[in-house]
Amino acid sequence: MSWSWDVVSDFMPDFWKGLLVTLQALALGTLIAFSLGLVWAIAQRSRFRAVRWPVNAVTEFIRNTPLLVQLFFLYFVVPEWGPSMSALTTGIVGLGLHYSTYTAEVYRSGIGGVPPGQWEAATALSLPRVRTWTAVILPQAIRRVVPALGNYVIAMLKDSPMIAVIGALEMLGEARSFSNATFTSEAYTIVGIAFLVIAYPASLLIRALERRLALTT
């Protein structure tokens, strides 16, 4: 098969639609993963077993089951019990929920890396617990784990094609649909290049940020 720029030109409208879906899933999924992961991490340090144990059980279950299974569950099973969501919304929630269990471990590592003296100083100053977390602990913990969180953003980008199985056609889903209809393969090449163009500069940025944070700590 020879390369055809006409085929590429025909595919581009579908590509831009798929790219938009990919970026939406990535941005909103990341927001959920980062926010919910922090909630999981703090809850896992709770003094109360009734909070700690259920959170640990839920995060372990999510982390140790395939993302694909979770997407099917959210899209096909959950609507039997409650309101249904669109394919894209389900994909965003699935990605965010799945990766929140990984970011929780990253946050937990960062929190554990805060020197005990910082906790003791906050206690000596009689800071309220919420103030201790927001003004003393979390700023130091998050600073330590920014590069690791960035790596999970790239991992989420690479997993985003999975949402196509429930009907949310991102870049690869659009390429598959176009290629099946036209019996061509150029679309796959374009999508592969697009993933590289997004992921590689992001990885370089994360490395630069990691070096910068290492110099300032």
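How many salt bridges does the structure hold? The structure holds 4 salt bridges, a salt bridge being a side-chain nitrogen of Lys or Arg within 4 Å of a carboxyl oxygen of Asp or Glu.

The model is predicted: local features need pLDDT of at least 70, side-chain atom pairs count only at pLDDT 80 or more, and totals for chains, interfaces and linings use all residues. Residues are numbered from 1 along each chain as its sequence is written, and side-chain values use heavy atoms, with hydrogens and water left out.

**View 1. Overall fold of the protein, with 8 helices and 0 strands.** Helices (H or I, at least four residues) and strands (E, at least two) are DSSP runs, numbered from the N terminus. Along the sequence the pattern reads α-α-α-α-α-α-α-α. Taken along the principal axes, the C-alpha atoms fill a box of roughly 70 × 50 × 25 Å.

View 2. An unreviewed UniProt entry places "domain: ABC transmembrane type-1" at residues 15-206. UniProt positions are given in the numbering used here, feature names are shortened, and annotations may be inferred rather than shown by experiment. Residues 15-206 are 81% helix and 0% strand, and the end C-alpha atoms of this span lie 27 Å apart. The annotation "transmembrane region", also from an unreviewed UniProt entry, covers residues 20-41 and 187-206. Residues 20-41 are 100% helix and 0% strand, with end C-alpha atoms 31 Å apart. For residues 187-206 the end C-alpha atoms lie 29 Å apart, and the span is 100% helix and 0% strand.

**View 3. Salt bridge between K17 and D14.** The closest N and O atoms of K17 and D14 are 3.6 Å apart. Both residues belong to helix α1 (residues 5-44), where they are 3 residues apart, about one turn of the helix.

**View 4. Packing of α1 against helix α2 (residues 49-63).** Two packed helices are described by the angle between their axes and the distance between the axes. Axes are lines fitted to C-alpha atoms, for helices over the stretch in contact, and angles run from 0 to 180 degrees between N-to-C directions. The axes of α1 and α2 are 8 Å apart, at an angle of about 135°. The two helices, α1 and α2, are therefore oblique to each other; angles under 35 degrees count as roughly parallel, over 145 as roughly antiparallel, 65 to 115 as roughly perpendicular and the rest as oblique. The crossing of α1 and α2 is left-handed; a crossing is left-handed if the near helix is turned anticlockwise from the far one by less than a right angle, and right-handed if clockwise. W40, A43 and Q44 of α1 meet V51, R52, V55, N56, V58 and T59 of α2, contact meaning heavy atoms within 4.5 Å. By class, the contact of α1 with α2 has 5 nonpolar, 3 polar and 1 charged residues. Ala, Val, Leu, Ile, Met, Phe, Trp, Tyr, Cys and Pro count as nonpolar, Asp, Glu, Lys and Arg as charged, and the others, Gly among them, as polar.

**View 5. Packing of α1 against helix α4 (residues 87-112).** The axes of α1 and α4 lie 5 Å apart and form an angle of about 40°. That makes α1 oblique to α4. α1 and α4 cross in a right-handed manner, and the residues of their contact divide into 19 nonpolar, 8 polar and 2 charged.

**View 6. Packing of helix α5 (residues 116-124) and helix α6 (residues 129-159).** The axes of α5 and α6 come within 11 Å and cross at roughly 165°. That makes α5 roughly antiparallel to α6. α5 passes α6 in a right-handed crossing. Q118, W119 and A122 of α5 make the contact with T132, W133, V136, I137 and Q140 of α6. This contact has 5 nonpolar, 3 polar and no charged residues.
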